[in-house]
Amino acid sequence: MNIIVHEESKQFHLCNDYISYVMYVQPNGELGQLYFGKKIHDREDFSHLVNCCLMAVTPYYDESTFFSLEKNRQEYPSFGTGDFGTPAFKIIDQNGSGVSCFKYVTYSISSVKKKLPGLPATYADEGEALSLEIELKDDVNDMQLFLTYSIFKDYPVITRSARFVNGGAEEAVLDKALSLCLDLPDSDYEWIQFSGAWARERNVITKKLDKGITAVESRRGHSGANENPFVIIKRPNTDETNGEAMGFSLLYSGNFIMQAESDADGKLRILSGIHPDTFSWILKSGESFVTPESVITWSDKGLNGLSQTIHSLYNNHLVRGKWKNSERPILLNNWEATYMDFTEESILKIASKAKEAGAELFVLDDGWFGARDDDSKGLGDWVENPDKLPEGIKGLAEKVEAMGLKFGFWIEPEMVNPDSDLYRTHPDWAFSIPGRNRTLSRHQMVLDYSREEVVNYIHDMLYRILKDSKVSYIKWDMNRSITECFSRELSGREQGMVYHKYILGVYSLYERLMSEFPDILFESCASGGGRFDAGMLYYAPQAWCSDNTDGEDRIFIQYGTSYGYPISSMGAHVSAVPNQQTGRTVPITMRGDVAMFGAFGYELDLNHISEEEFKIVQSQIRFVKEHRKLLQYGTLYRLRSPFEADQAAWMVVSQDKKEAILAVYTMRAVINKLPGYLKLQGLDPDAEYKCNGKKYYGDELMQMGIPMNQECISGYCINNDGSSAAIVFKAE
C-alpha cells in the first residue's frame, strides 16, 4: 500500500498489491485521470498517456501543445471550459456564472482515514489504509475544493469524497456536487443494475453500454426499491469466476444518481452522487459542504471476486460496534402472525412457542403505541397503548426476558399520521406546501427531519422507553417516499437543501441512539428493501431485505442483493403459507433453506403450524445455530442464477476452506432431461471433503462437479418443484 507523489511531473500514484490509480495535474491546473485497474509498476512520468493532437473543431486550452479537456480524461470535471461531458459539480457565482476552474494547490498524505461529518463512511485503523487529500482553488471566486482518496492495504478498493469550502466574501450556490467521476479510456463494458419495486427488489439487469447515457437514480427522498445506489461495469466476457469488473457504491440513503456516459471518442465516464435535480446548497462565506463517500471496487476474478471484496470491506470497515462480525440472533417477529390485533397475553403465547422452537429474540411489530389499531392513526405518538401493553414496553420486555429470550420492537420514527396527537399539536412538522394538496401514502406524512427540533422530539420519546427497558433490538421502518418536500423552517432560496438535510437528520438520530444504547442491534427497513444501501449499514448492520417473504421470490431478491451487500446484512424470515404477498405455497423446507442465508428468523405464529412442521422449524434453528458463523460470514460463491434458469445455487466457504455449505433450489422442474452437473467453488483442491458419509476431493467437486440427481448428493432430492437442500461439506 503506497501513495507515490512525483513532484516534478505532478503525478499521483495510489497502489497496493492489487490495483493502481494514477492521476496528474493538467496544463490548465485541473486534475486529470490517467489509469485505474490492475497494479502496474510505478514510473516518474505517465504523461505519454495524455492525448495531444490536432483535431478539427476541438477547443484547446493550449494551442501550442494541442491539449484539450474534451479529448483527455478528467478527474473531477467542471463544465463550460472545454469538457462537454456531464460535469461532477456546478457552482453558481453571484454574477450568475456556472463556470469554474479549480487549479492544483497542494496535497497531504495521512495514515488516518478521517470521518465525514454527519455522513456514513468506511473506516480504517492505523496501517490499514492511506489517504490522499488534494487541494484545489478557483482564483476567481476563492472557492476551495478538497478531493479525498483512500486506498486500503488488503482490498482492491478506492474511496472518494469531495469537500467544497467557500473562502470568498460572497455567497455561492452549490448546484451540483457529485462524489465520484471516473473517466476510463474505452467503453467496451456491460452495465449491471439492480432494479425492481416493492416486493421484487434488486433484480439483476445487464445491458451493453452504448453511446450516450445509461443511468439509475432516485428522487424519492430515499434510495428506493426501484433502483439501488450500487452498479457494476464488466467486460463482455466476464462471468462469475473470471474477468474484469468494477463496482461503484454510494454510501448514501437519499436521492442519488449513478451514471455511465460514453462519448464520441469511446471514452467512458462513470458518475455517482447526490441527485442534482433535487439539490441546491447555499454556501455562505466560510462554510463548507462534504459529499457522501463513493466506493470503487475492482476485480479480475469475476463478479464473485468483486462481491467477496465488498462483503469483506463492509463487514470489517463499515459495520461498527458490538455487531461488527457478530452472529445475528435468531428471531421471531409477530407481524404476519397478529398484525396490529394483539394483547400482551397473545404476544407472550407466541413468544413462548418461539422459545420452545429455539429462537433467541422476540420482536414486537407495529401496533403497540398510541391509538394504533390500524395504519390510519397513531403514528408519531410513541407512548405505549395501555390496553395492549398494561405494563408498557418495560413490563413486556421483562416477561419475554424471563422466558430466556431477548426482546425488540418496531418503530417508524420518520413518519406521522394526520390522525395523531403529534400532528394535531405540530402540523407544521410534517412536509407539506402551504396552499397545496398534501399527498398521503399509507395514511401518513413525512416528518421534517431537516429541523433539529423535530429530531430532538422524536429522540426524547424513544429515549424515555429505551432507557428503562431491556431492549436488545430495534426494527426501524420507513414506509413511504417524500412528496411536497418543503420545510417551513427554511426560506424559499433554501428549499433545495431540504432533501439532503432530511437524510442528515435521519443519520443524526441513528448516531445518537447508537451512542446511547451501543448494545442494541438496529435493523433498517423501508417497506422492506426501499432503503437497502451501504449508507444505512453504517448505522444498522442488517436490513429487512424485502416485505416479500415468499420462499421462491426470496431466492431472486437475495441473489441480486448479494452482488453488493454481505449475507449478514440481509434480514430473511420464514413466514406462513399461503404467502401473504404472492399467495404461493412453498414448502417450509425451502423457505428455511433460503432464509438461513441471511439474518435468520420467523414471521408467523408457531402455535398455528402442524407438529411435523414445528419439528422442521426446530431442526432448522439447530442447523443455523451450528453453522451460523459460516452461513452469515463465509465466503459466498454464486453458482447458478435464478434469473437464467429454473434452478438456483450458491455456497459459502469458511476462511480456512475446511467447511462449506452448498444450497440448491429448484423452482420449476424439467421433465425427461438429465439434470446436469454443478461445479462448486472456493474449496481446497487437495482436501478430502465428507458429505453424509460420502467423500469427495475438492478438485473433483470444482472441476467435475456434482451430478444433480438424488443419489449423488447424498440422498437430497432437489429435482422437484419447490425442492431445496442445504448440504454441508467438511474436510477430513
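Ser253 touches Gly221, His222, Ser223, Ile503, Tyr507, Arg531, Asp533, Gly535 and Met536, leaving aside residues up to four places away in sequence; contact means heavy atoms within 4.5 Å. This is a predicted model, in which local features need pLDDT of at least 70 and side-chain atom pairs count only at pLDDT 80 or more, while totals for chains, interfaces and linings use all residues. Residues are numbered from 1 along each chain as its sequence is written, and side-chain values use heavy atoms, with hydrogens and water left out.

Ser253 sits in the loop between β15 (245-250) and β16 (256-262). Helices (H or I, at least four residues) and strands (E, at least two) are DSSP runs, numbered from the N terminus. With a relative accessible area of 0%, Ser253 is buried; buried means under 20% relative accessible area, exposed over 50%, and partly exposed in between, with a 1.4 Å probe and protein chains only. The side chain of Ser253 also makes a polar contact with the side chain of Tyr507, at 2.8 Å. A polar contact is a pair of N or O atoms within 3.5 Å; within protein, one must be able to donate a hydrogen and the other to accept it, and residues adjacent in sequence count only if both atoms are side-chain atoms.

Helix α10 (residues 588-595) is largely enclosed by the rest of the structure, because 7 of its 8 residues are buried. The buried residues are Ile588, Met590, Arg591, Gly592, Asp593, Val594 and Ala595. They pack against α9 (551-561), β29 (570-575), β30 (599-603), α11, β33 (659-666) and β38 (723-731). In the loop between β29 and α10 lies Pro578, which is joined to Val577 by a cis peptide bond with omega about -5°.

The largest pocket holds about 560 Å³ of space. Its lining has 21 residues, of which Tyr633, Gly634, Thr635, Val653 and Gln655 are the closest to its centre. Two or more lining residues come from each of α1 (302-317), α11 (611-633) and β31 (635-640). The largest share, 5 residues, is from α1. By type, the lining divides into 7 nonpolar, 12 polar and 2 charged residues. Here a pocket is an open set of points on a 1 Å grid over the protein atoms alone, where a 1.4 Å probe fits, with protein on both sides within 12 Å along at least five of seven lines; lining residues have an atom within 4 Å of a point.

Strands β35 (residues 688-691) and β36 (residues 694-697) run antiparallel and are joined by 4 bridges; two strands pair if DSSP finds at least two bridges between them. Glu688 has Tyr697 in β36 as its bridge partner. The hairpin has 2 residues between the strands, and Asn692 takes a positive phi near 50° there.

Positive phi values also occur in loops. Phe66, not a glycine, has a positive phi of about 60°. Phe66 lies in the loop between β4 (31-38) and β5 (89-92) and is partly exposed at 31% relative accessibility. Ser527, also a residue other than glycine, has a positive phi near 50°. Ser527 is in the loop between β27 (521-524) and α8 (534-537), and counts as buried at 18% relative accessibility.

Asp125 belongs to the loop between β6 (103-110) and β7 (129-138), and is partly exposed, with a relative accessible area of 49%. Its C-alpha atom is separated by 37 Å from that of Thr214, 89 residues apart along the chain.

Key: Points joined across faces, edges and corners; volume = space filled by probe spheres on them. Nonpolar A, V, L, I, M, F, W, Y, C, P; charged D, E, K, R; others polar.
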